[in-house]
Each structure stands twice: as C-alpha cells, then as structure tokens.
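Please consult the sequence and the three-dimensional view while reading.

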Amino acid sequence: MNIFQDMRIGFGFDTHRLSTDRPLILGGVHIPSPLGCVGHSDADVLVHAIIDALFGAANMHDIGYHFPDTSLKYKNADSLLLLQQCKQLVCEKYTINNIDSTLVLEKPKLLPYIDTMKENIANILQISTQKISIKAKTSEKIGFIGRQEGISAYAVVLINPTI
C-alpha cells in the first residue's frame, strides 16, 4: 500500500445564525458573549465543520446524515460528544494527520480561547494539539457575519489509512 496515494483530504463548512438567547460555544468552550449560535444541538460551528471534514475525507456522508437535526436525540447535544462518535467511525479505518480550521466572526476576539479549543478537540480525537490549527478572522464588517447575524467555520483535514 502506498500511504501517499491513499491519503485523503476532507473539507468542512458550517454556519449558524446568532441570537441573544443562546450561549456561544466554540470548540467546546463557553465564550462570554451577548450573542450565541442558534442550532438544534449546542451549535458549535467549529466542531461541526471539523466533523464534516472528517466524514468527507472518509467518504462517510456528512454531519446531518449521522446526527440529523430532526432527531430529538441530538436536541441541545454537546458537539464534542458528536465529535467523539465521528472519531469512532472514521478512526476504524483512518488516522487523523492534521486539522486546519478557520472561524469567521466579528466579535468577540477568540485568541484567549483558542488553546483551550485545541485541547478540547485534541482530547476527543486523541491527537496532539500540534496537529490542530484554529484561526479566527473577521469579515471586515461585510455581509451577515459583518452585521453580527452569524458565524461561519471552515475546516480541512488530512487522514491516512490505518496500517
């Protein structure tokens, strides 16, 4: 088996509306903010993008296939627990090489929370924090993100077949 030939790249994207009646949870971290993400689960947009990237790389459908928003089982679910279930499925055949992700939001500043987000995700996936990149950007006050109506996240993962 040629490990380079069998590497797989996955891309994930997620976006959620913001509301004053929801907490802001990103990477499993409760972040002080007057606005939080609206969703069926805890609406952790970062973790959702990573889950989609992992499922995509493994050719295993998407987050909605595995954790449908029509199921009461996932109502207000902790997205880190969904990530753990994703890991169990994907890592039956693959090893996670690395994750690169970007959060796009106007406020709040996320730098003080990124290391904790990385630790949360690394603990669930049982990989080093050195294999996880989380960046935060603004949209320069353009569009729905610039108007603070929503948050988006992007993630790219590289997985290798388990030998």
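Which residue in β7 does S101 stand opposite? S101 stands opposite A155 in β7.

## Basis of the model

The model is predicted: local features require pLDDT of at least 70 and side-chain atom pairs count only at pLDDT 80 or more, while totals for chains, interfaces and linings use all residues. Residues are numbered from 1 along each chain as its sequence is written, and side-chain values use heavy atoms, with hydrogens and water left out.

## The sheet

Five strands make up an open sheet with mixed pairing, in the order β4-β1-β7-β5-β6. Strands β4 (36–37) and β6 are the edge strands, each pairing on one side only. Strands here are DSSP E runs of at least two residues, and helices are H or I runs of at least four, numbered from the N terminus. Two strands pair if DSSP finds at least two bridges between them.

Strand β7 (residues 150–161) runs antiparallel to β5, and ten bridges join the two.

## Salt bridges

Side chains of opposite charge can pair when their charged atoms come close. Two salt bridges are present (a side-chain nitrogen of Lys or Arg within 4 Å of a carboxyl oxygen of Asp or Glu). In one of them, K135 pairs with D100, and the closest N and O atoms are 2.4 Å apart. Because K135 belongs to strand β6 (residues 132–137) and D100 to strand β5 (residues 94–104), this pair ties together parts that are 35 residues apart in sequence. K135 is partly exposed at 28% relative accessibility, and D100 is partly exposed with a relative accessible area of 34%.

R147 and E149 also meet in a salt bridge, at 2.9 Å from N to O. R147 is exposed, at 53% relative accessible area, whereas E149 is partly exposed at 39%. On this scale, buried means under 20% relative accessible area, exposed means over 50%, and partly exposed lies in between (1.4 Å probe, protein chains only).

## The largest pocket

The largest pocket has a volume of about 260 Å³. A pocket is an open set of points on a 1 Å grid over the protein atoms alone, where a 1.4 Å probe fits, with protein on both sides within 12 Å along at least five of seven lines; lining residues have an atom within 4 Å of a point. The volume is the space filled by probe spheres set on the points, which are joined across faces, edges and corners.

The lining of the largest pocket comprises 13 residues, and H40, S41, H48, F67 and D69 lie nearest the centre. Elements β1 (8–19), α1 (45–57) and α2 (63–66) each give two or more residues to this lining. The lining residues divide into four nonpolar (Ala, Val, Leu, Ile, Met, Phe, Trp, Tyr, Cys and Pro), three charged (Asp, Glu, Lys and Arg) and six polar (the others, Gly among them).
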